[in-house]
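Colleague: Could we go through this model together, pair by pair and patch by patch, with the cut-offs stated as we go?

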Amino acid sequence: MITRTRLATGACALLAALAAGMAFPAGAVAGEPTGEDAPKVDLVLDASGSMRTRDIDGGTRMAAAKQAFNEVLDATPEEVQLGIRTLGADYPGDDRKTGCKDTAQLYPVGPLDRTEAKTAVATLSPTGWTPIGPALLKAADDLDGGDGSKRIVLISDGEDTCAPLDPCEVAREIAAKGIGLTIDTLGLVPNTKMRQQLSCIAEATGGTYTSVEHTDELTDKVNQLVDRAADPVVTPVATEGADACAKAPTLKSGLYTDREEFGQQRWYRVDVEPGQELRASVSVGADRAVNPSYGVLLRAVTVHGREIVRGEAAGNGRTDVLSTGLRYPKQESDEEDAPAEAVCLQVTNSFSVASGVKTTPGLPLELTVDVVDGPGDSDDVAAFGLGRGWWLLGLLVLVGFLAGLLWGWLSRWRFAIWRTN
């Protein structure tokens, strides 16, 4: 089991993450922005009875939400298809079974008619329960179809009241479908329990959680999330790693997805020309309940099995996604037609589940590969993982040596004075 995280790994992961954000070369076929379908956003608003509370800028939480929604509707980009779903807006009674089904589509996801959407928002009145889990399931259906960006923005002032349908588990199920849907959550005047639940929902799908206590904060954050949906979509390409380097598929620069069984190894190959640098990162998601203490290892090895560099990360049950990365610069060659080097990438995880939890399908895996022109002095960068840190190491050794000489001289001088006196 992997039990520790190296400092060098953190730097590698950061560089790999930066590489993932760059535009890939024109010839790359994996992970290119599709741009085929319009981005979709479903705003899911908690309209339960607690939204009557007057603690946001002197008004009710519902009034703050309505004002924010009206401003967001005015600022929504033309290319974004936007919808609004409510939870707890219609049933005022005490029957829990009925209250936990109370979610409805206030405005369908599609081209935005601002006047019609604002009219629908104006009719809302705080009413009933807080069925977050059922609302998320329905919202995922609202966004079904198409390859464009899909985002749910959940605004709530309390935790779900309809357990045992845990909204965090619902979010994990949505993430496991691989439909590229992100859930962002905003907590109005949050408490600890609500913050934990909304954070878990967001983390399960790679979204964000934000606590909000003022109307302008709510407006700014929702606007930001809607605008983010309009950004170009990078679609991962499904691949299937092998159980050995010799059988591994050869990947180009791009973003890839795969499934990895518990404790399994997955192998991939990348060709690196002399003077190029390989940057790779991997993320493995725990889309179901797993035991605490786990790790992910990413290794780059030669076709003969010699390890070149590795990246590793360890977790303790406090996160649903574990990521690590590496970089390998290949030195320039004096030969004009020097062949490319086949580098094998090995992904290993040490997740485990308790009895009764399904082990199939495997855990979702996302692999980023980027092959770029290497640095001018690649042998220095790759030197034992220290790179230009050799300079600092040499300086520290020199300073330590001089400090030792000075301390020895002072000690001898003090001893001589003591004997004389």
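Colleague: In this predicted model, how far apart are the closest N and O atoms in the salt bridge that Arg61 forms with Asp157?
Modeller: A salt bridge here is a side-chain nitrogen of Lys or Arg within 4 Å of a carboxyl oxygen of Asp or Glu, and Arg61 and Asp157 form one. Arg61 lies in helix α2 (residues 61-75) and Asp157 in the loop between β6 (150-156) and α6 (167-176), so the pair ties together parts that are 96 residues apart in sequence; helices (H or I, at least four residues) and strands (E, at least two) are DSSP runs, numbered from the N terminus. For this pair, the closest N and O atoms are separated by 2.8 Å.

Colleague: Which conventions apply to the model and its numbering?
Modeller: Residues are numbered from 1 along each chain as its sequence is written, and side-chain values use heavy atoms, with hydrogens and water left out. Because this is a predicted model, local features need pLDDT of at least 70, totals for chains, interfaces and linings use all residues, and side-chain atom pairs count only at pLDDT 80 or more.

Colleague: With which residue does Glu277 form a salt bridge?
Modeller: The closest N and O atoms of this pair are 2.8 Å apart. Glu277 lies in strand β12 and its partner in strand β15 (residues 321-329), so parts that are 50 residues apart in sequence are tied together.

Colleague: How many salt bridges does the count come to?
Modeller: Another of the pairs joins the side chains of Glu341 and Lys330 at 3.2 Å, N to O, and both of these residues are buried. Salt bridges that share partners also join Arg299, Glu307, Arg310 and Glu312 into one network. By the rule already stated, the count comes to 15.

Colleague: Which helix gives the most to the negative patch?
Modeller: Asp57, Glu71, Glu213, Asp216, Glu217 and Asp220 gather in this surface patch, where patches are made of residues with over 30% relative accessible area and no salt bridge, like charges being joined within 9 Å and nonpolar side chains (Val, Leu, Ile, Met, Phe, Trp, Tyr) within 5 Å. Glu213 is found in the loop between β8 (209-212) and α8, and is partly exposed at 45%. The helix that gives the most, with three residues (its span being 215-229), is α8.

Colleague: In which helix does Leu406 lie?
Modeller: Leu406, Trp407, Trp409, Leu410, Trp413 and Ile417 make a nonpolar surface patch of about 700 Å², with areas from the Shrake-Rupley method and a 1.4 Å probe. Leu406 is exposed, with a relative accessible area of 51%. The helix in which Leu406 lies, residues 389-420, is α10.

Colleague: What is the omega of the peptide bond from Thr360 to Pro361?
Modeller: Most peptide bonds are trans. The bond from Thr360 to Pro361 is cis, and Pro361 has its place in the loop between β16 (341-349) and β17 (363-373). The omega of this bond is near -5°.

How values were computed
Lys and Arg count as positive and Asp and Glu as negative; His and the chain ends are not counted. The place of a charge is taken as NZ of Lys, CZ of Arg, CG of Asp or CD of Glu. Buried means under 20% relative accessible area, exposed over 50%, partly exposed in between (1.4 Å probe, protein chains only).
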